[in-house]
Amino acid sequence: EKASVAEFQRWARAAIADCHSRGVSPIVVGGSALYIRAVFDRLDFPGTDASVRARWAAELDSQGSAALHAELAIRDPDAAAIILPSNGRRIVRALEVIELTGEPFAATMPPFDSVYDDVTFIGLDVPRDVLDARLAERVDAMWAEGFVDEVRALLGAGLSQSPTASRALGYQQILAFLRGETTEDEARELTITGTRKFARRQDRDFRKDPRIHWLPYDAADLVDQAAALVANPDL
């Protein structure tokens, strides 16, 4: 099924409201910087125009994501800096918003101002070499646990026609392998490389958020440090 960050925002905020109604303190974990900000910040999504989007989607199919990313870099360098050249769906959306609003896509991002009054943001600070090794281990584990077979089975459910899932990290690379465009080892290595690049970009985005308290991931008292921050965010 199709999904978008706007839909995710509605689902997440509804879940948080349900927690509050039951007197439960929700903990939101993980996600990209965009999705996290969509949950917490005053992020309103511009409307859409099917004909404009279809035109840019056709450009994506004919020219490829790299060429369309170059076009985005001309029209909105800031947006191009935060969108991966391989993420055709987001490139198309950015170009659509620019055309519809006459404003840079990056300008639609709000200041760091949460819609909730009592949020504590905590980030785990992991050295790059440690993170790279862990990402590789995770991809290898996914392969060992049947990732290729999962993608092969999902072909019957329309995975290759999905504009979102078919381009997700890992799925995109395995689909290329199943089409005979790469070897399986190449698909795994491309997934590792792509995930590392994605992690670097996300780290840069999160580091821009002044609200985040960064804690060393391997601190012996990590839980105590986090709990102290929740109890007193001004620490």
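The following conversation describes a predicted protein model and some of its residues.

User: What kind of model is this, and how are residues numbered?

Analyst: This is a predicted model, in which local features need pLDDT of at least 70, side-chain atom pairs count only at pLDDT 80 or more, and totals for chains, interfaces and linings use all residues. Residues are numbered from 1 along each chain as its sequence is written, and side-chain values use heavy atoms, with hydrogens and water left out.

User: How many helices and strands does the protein have?

Analyst: The protein has eleven helices and two strands. Helices (H or I, at least four residues) and strands (E, at least two) are DSSP runs, numbered from the N terminus. In sequence order the pattern is α-α-α-α-α-α-β-α-α-α-α-β-α. The radius of gyration is 20 Å, close to the 18 Å that the globule rule gives for 235 residues, so the protein is as compact as a globular protein of that length. That radius is taken over C-alpha atoms, and the globule rule is 2.2 Å times the number of residues to the power 0.38.

User: What box do the C-alpha atoms fill?

Analyst: Along the principal axes, the C-alpha atoms fill a box of roughly 55 × 45 × 35 Å.

User: How much of the protein is buried?

Analyst: Of the 235 residues, 34% count as buried. Buried means under 20% relative accessible area, exposed over 50%, and partly exposed in between (1.4 Å probe, protein chains only).

User: And which residues account for the contacts?

Analyst: Among contacts with a separation of 6 or more, 66% come from residues 24 or more positions apart. A contact means heavy atoms within 4.5 Å.

User: Changing topic, how many charged side chains are there, positive and negative?

Analyst: There are 27 positive and 37 negative side chains, and the centres of the two sets lie 3 Å apart. Lys and Arg count as positive and Asp and Glu as negative, while His and the chain ends are not counted. Each charge is placed at NZ of Lys, CZ of Arg, CG of Asp or CD of Glu.

User: Now Ser166. Where is it, and is it buried or exposed?

Analyst: Ser166 lies in the loop between helix 8 (147–154) and helix 9 (171–178). Ser166 is buried, with a relative accessible area of 11%.

User: What does Ser166 contact?

Analyst: Leaving aside neighbours within four places in sequence, Ser166 is in contact with Leu159, Ser160, Tyr171, Gln172 and Leu175.

User: Where is Ser162, and which backbone atom lies 3.0 Å from its side chain?

Analyst: Ser162 is also in the loop between helix 8 and helix 9, and at 16% relative accessibility Ser162 counts as buried. The backbone nitrogen of Ala165 lies 3.0 Å from a polar atom of the Ser162 side chain.

User: What about Leu159?

Analyst: Leu159 is found in the loop between helix 8 and helix 9, and Leu159 is buried, with a relative accessible area of 7%. Not counting residues up to four places away in sequence, Leu159 touches Val151, Leu154, Ala165, Ser166, Tyr171 and Leu175.

User: Let us move to helix 2. How many of its residues are buried?

Analyst: Helix 2 (residues 33–40) is mostly covered, with seven of its eight residues buried. These are Ala33, Leu34, Ile36, Arg37, Ala38, Val39 and Phe40.

User: What covers them?

Analyst: The cover includes helix 1 (5–21), helix 6 (88–101), strand 1 (121–125) and helix 10 (184–207).

User: And where is Ser32?

Analyst: Ser32 is in the loop between helix 1 and helix 2, and at 15% relative accessibility Ser32 counts as buried. Beyond its neighbours within four places in sequence, Ser32 is in contact with Phe198, Gln202 and Phe206. Ser32 and Arg201 are 169 residues apart in sequence, and their C-alpha atoms are 9.7 Å apart in space.

User: Finally, what does Asp203 touch?

Analyst: Asp203 is found in helix 10 and is partly exposed, with a relative accessible area of 23%. Not counting residues up to four places away in sequence, Asp203 touches Arg128 and Trp214.

Technical notes. Polar contact = N/O pair within 3.5 Å; in protein donor to acceptor, adjacent residues only side chain to side chain.
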